[in-house]
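I opened this model for a first look. These are my notes, in the order I made them.

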Amino acid sequence: MGSISAAPGTTVLFSNLRRDSLYNRRHENLSVVSSSLPSLMPKQRWLYVPETRLKREILKLDFITRAADSTSSSPSVASGDRTLIPDDEFTLAKISFGVIGLGLGVSLLSYGFGAYFNILPGSEWSAIMLTYGFPLAIIGMALKYAELKPVPCLSYSDAVKLRESCATPILTQVRNDVTRYRYGDEQHLEEALKRIFQYGLGGGIPRRSAPILQLIREEVLTDGRYCLVLVFEAKALTLSDFEKRQAKFTSFFGPNITAEVGKGERENLYEVRLISNLSTNSVSSTV
């Protein structure tokens, strides 16, 4: 009590001591919290997903989901068996030869250099691995650069049942071509779109405005006909640009084909329905 009524310097010393004690307590609490943070950090790093990649995957899933929902809500589509059939058939065309060549070439080069400098065993084979690894890596990079990835294909079970009997040979070829890896082409159906939209010609469109195939879909209409839907993205075109070329779609993908053009669910999406005029009765009669 005497210290309170003492000289001003003593009072200041008391307040400083009190302030220091509070400061130490605060830092003791902070040290406890900071010591518990390292145990939480690995969980936060493990759950981290890059924002751009997450947005890209969400948009891709949303696009496919909307495409499937648009089919079920379309009045011209039959409400039969709407079960989606996964396209899990294994073929060599669905394998990226660019990835295989690049991976095999880099592996041979890495092991060849390691064996050459006696870091890895097999120094007597290093020259052969380097000789074949270098061209394989170059070829793999070239194929990867010129690679065109396949587009998603939504196939419903009722359409799959009619595919063998009602799909024309051209529709079958279109479905097989766009669902496999291609090399050297800028986009899928490049030759067909070039003739239909007449790039750079009078009455045509600029090449930079060409529609890009995003998805194909197999479905059955209400009248029982098989239909292959081509979903395009065209930011510089309108629905009228597709409608006035509807006859060209019919003639190019014919015979026995009727083309119909419509607007997609999302903005800048357009659908071209290639409807087969073949039926099970007509196929059996021709056979």
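The entries below go from the sheet to the salt bridges, and then to a helix and the surface.

**Ground rules.** I am reading a predicted model, where local features need pLDDT of at least 70, side-chain atom pairs count only at pLDDT 80 or more, and totals for chains, interfaces and linings use all residues. Residues are numbered from 1 along each chain as its sequence is written, and side-chain values use heavy atoms, with hydrogens and water left out.

**Entry 1: the sheet.** I took helices (H or I, at least four residues) and strands (E, at least two) as DSSP runs, numbered from the N terminus. Two strands pair if DSSP finds at least two bridges between them. In what order do the strands of the open sheet lie? I read 1-3-5-6-8-7, six strands with mixed pairing. Strand 1 (84-85) and strand 7 stand at the edges. Each has a single partner strand, so one side of each is left without a neighbour in the sheet.

I checked a parallel pair next. Strand 3 (residues 153-156) and strand 5 (residues 212-220) run parallel, joined by three bridges. Within this pair, L154 stands opposite R217 of strand 5.

**Entry 2: strand 8 and its partners.** Strand 6 (residues 226-233) runs antiparallel to strand 8, and seven bridges join them. L230 has V272 of strand 8 as its bridge partner. On strand 7, I found another antiparallel pairing: residues 257-263 pair with residues 269-276 of strand 8 over seven bridges. Here A259 has L274 as its bridge partner, and I257 stands opposite S276. The hairpin of strand 7 and strand 8 has five residues between the strands. In this hairpin N268 takes a positive phi near 70°.

Is strand 8 buried or exposed? I used these cut-offs: buried is under 20% relative accessible area, exposed is over 50%, and partly exposed is in between (1.4 Å probe, protein chains only). Eight of the eight residues of strand 8 are buried, so the strand is largely enclosed by the rest of the structure. In a regular strand the side chains alternate between the two faces of the sheet. I listed both sides: L269, E271, R273 and I275 on one, Y270, V272, L274 and S276 on the other. Both faces are covered.

**Entry 3: salt bridges.** My rule was a side-chain nitrogen of Lys or Arg within 4 Å of a carboxyl oxygen of Asp or Glu. By this rule I count 14 salt bridges.

- R217 and E219 form one, with the closest N and O atoms 3.0 Å apart. R217 is buried at a relative accessible area of 0%, and E219 is also buried at 0%.
- D185 and R182 form another, at 2.8 Å between the closest N and O atoms. D185 is partly exposed, at 24%.
- K244 and D241 form a salt bridge with the closest N and O atoms 4.0 Å apart. K244 counts as exposed at 58% relative accessibility, whereas D241 counts as buried at 15%.

I then followed shared partners: salt bridges join R217, E219, E271 and R273 into one network.

**Entry 4: E147.** I looked up E147 and found it in strand 2 (residues 147-148). E147 counts as buried, because its relative accessibility is 14%. What does E147 contact, leaving aside its neighbours within four places in sequence? With contact meaning heavy atoms within 4.5 Å, I noted S96, G98, Y181, R182 and Y183.

**Entry 5: helix 4.** The expected span of a helix is 1.5 Å times one less than its number of residues. For the 20 residues of helix 4 this gives 28 Å, and the end C-alpha atoms are 28 Å apart, which agrees. Which residues did I note as buried here? They include S126, M129, G133, A137 and G140. Helix 3 is among the elements covering the buried residues of helix 4.

**Entry 6: a surface patch.** I119 lies in the loop between helix 3 (97-116) and helix 4 (126-145). I119 counts as exposed, because its relative accessibility is 66%. With Y111, F113, Y116, F117 and L120, I119 forms a nonpolar patch on the surface. Together they have about 660 Å² of accessible area, from the Shrake-Rupley method with a 1.4 Å probe, where for residues only the protein chains shown count as cover. Patches are made of residues with over 30% relative accessible area and no salt bridge; like charges are joined within 9 Å, and nonpolar side chains (Val, Leu, Ile, Met, Phe, Trp, Tyr) within 5 Å.
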